[in-house]
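Thank you for sending this model over for a second pair of eyes. My comments follow as numbered points, arranged chain by chain.

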Amino acid sequence: MNAVSSAMPAASASREMGFSRVLGAYLQEARAECLRYLRNPGFMIPTLILPTAFYLMFGILIGRANGPDAPRYLLAAYGTFGVMSPGLFGFGVALSMERDNGLLTLKRALPMPPGAYLLGKVVMSIFAAAVVSCILVLLATLVAHVQLSAAQTAGLFATNLFGALPFCAMGLMLGMFIKGTGGPGIVNLIYLPMAFMSGLWFPLSLMPKAVQQIALVLPPYHLNQVALNVVGLGQEPVWPHVAALAAFTAVFLAIAVRRLRRHG
Amino acid sequence: MNTNASPIARLSSVVKRYGNHTAVDGLDLMLHRGEIFALLGPNGAGKSTTISMLLGLVRPDAGRVELFGEDPQQLVARRRIGVMLQSAALPPTLRVGELLRLTGSYYPAPRDLHETAELAGVTDLLKRPYAALSGGQQRRVQFALALCGRPELLFLDEPTVGMDLEARQKLWTAVRHLVAEGAGVVLTTHYLEEAEALASRVCVMARGRVLSEGSVDDLRARVALKRIRCITRLRAADVAAWPEVAEARDEGERLWLSTDSAEIVVRRLLDADAQLGELEVQRAGLAEAFTELTRAAEAPTEDNREAA
């Protein structure tokens, strides 16, 4: 640093980047990520339309026939389903594409603050999770007349927003292994069976014993249990599920970082 | 220490291997303010690896890479550069103005949005989504992103691929403007006329090494020989023995020879063979100098066989 400033005194002075400008760069990156996905139907349809449509069909139209608690039960389940895709697609698929198409290379060559790229994607995923949660809660309360207390509503939002994080980590990990246009197909092959086997579409109690066992190692199962608890339908203590989600997040991150170190 | 003479980027004895392949093999380069440095060479010569090391994307296996006296992986160093890569798929749904604002936010003192747009000729595109642009327009936007941070060193990798002639000349004008402001430019290109029009210094690489470095004129002078081709009954072996002739060989039905005193050789040829026809005398341009230099480096064994 000293060697540089002595060689080029005038230039160095103007190259100091204040805290507010660095913060501004993070904000611009997050804003750009949100904007680009809001305008991308290929992302918005699976993220917003699918959970909404499924909830309308299975949770509200058919669900009421299954008993008074069905819309409430499925509000938790489709909330979980909804917050899975921003991380898996917005993070995983996007990363696999951008590692392939030169965008990530350009960003790494540019003086983008470290972490702005990943943080921008996390913000985008949480934002999308918030939007899908809003839609589902509005449908549940206004159309299906599910009674939610203010605490339950707030709790469900918090669960869904934090719940997006394990899937961001999972997306990051997948994105580090998959490269190029195969991304969407592979992620769908993981996303849909994982949702099914976690009991998001049919209660696990109706499924074979083997599926019930597998569900224990799937993050959506645990997030769904937390969400069910929040809306008043859970039976167990919540903390083992929260701990499981934290552990999944840590493991996915660790694998992604390891891969990043080895392969760059 | 004279600030103007001190390099803004430097590679010293840099080596980079990929497996068994040595992409860059003991490279020494210095880049200065106010110069346009063209890096030329056939595919696989090591240009991209060299640029990647200067940008901090790739670490050298040996040697030292410095950008403004720092490791290029340091953010402080890269805040002083602008980058236009050969292929970068920018987010298709973002508008040009948004892309410029985002990229500008990475820099301490970026140019005003409209100044950038004006310089790169994208003022009329600011509100359009990137995906709606033609290939040439996208290239102009990428150029705008490269210069928006008021860089002191600009990396342009094949900047005018996909541009029409007018757009290309506008980009050249903008590059000259930036250099006049004191920026240095590293240009890689396959268009030799581009290097000829822009570059103040040309470096030809092949097989990870520098073959030749100097001004365009220096490079041309390295191939001071002129080429003579004609149809004649004279035999290449006899002509090759003339003192002025550097090299002579048969190329199909033609005699091909190179010489540094074309006038004397032409007179002698015409004296020796009154029936001589289809006489051509060619001066080596940058393109030929380049071909000459790289062919010699790429296929030395083949050249030896031809000469023998």
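**Notes on chains A and B**

1. In chain A, 43% of the 264 residues count as buried. Please keep in mind, here and in the points below, that this is a predicted model, and that the values are computed from it.

2. The secondary structure of chain A consists of 12 helices and 0 strands, so that reading from the N terminus the order of elements is α-α-α-α-α-α-α-α-α-α-α-α. Taken along the principal axes, the C-alpha atoms of chain A fill a box of roughly 75 × 35 × 35 Å.

3. Turning to chain B, the domain assignment gives domain 1 as 9–220 and domain 2 as 225–283. The centres of domain 1 of chain B and domain 2 of chain B, taken over C-alpha atoms, are separated by 43 Å.

4. Which strand of chain B is joined to β13(B) by 5 bridges? The partner is strand β10 of chain B, residues 226–231, and the two strands run antiparallel. Within this pairing, Arg229(B) has Glu280(B), a residue of β13(B), as its bridge partner.

Methods
Residues are numbered from 1 along each chain as its sequence is written. Chains are lettered from A and ligands numbered from 1 in the order in which they are written. This is a predicted model: local features need pLDDT of at least 70, side-chain atom pairs count only at pLDDT 80 or more; totals for chains, interfaces and linings use all residues. Two strands pair if DSSP finds at least two bridges between them. Helices (H or I, at least four residues) and strands (E, at least two) are DSSP runs, numbered from the N terminus. Domain bounds come from an automatic or database domain assignment. A residue is buried if 20 or more other C-beta atoms lie within 10 Å of its own, exposed if 12 or fewer, and partly exposed in between; C-beta atoms are placed from the backbone.
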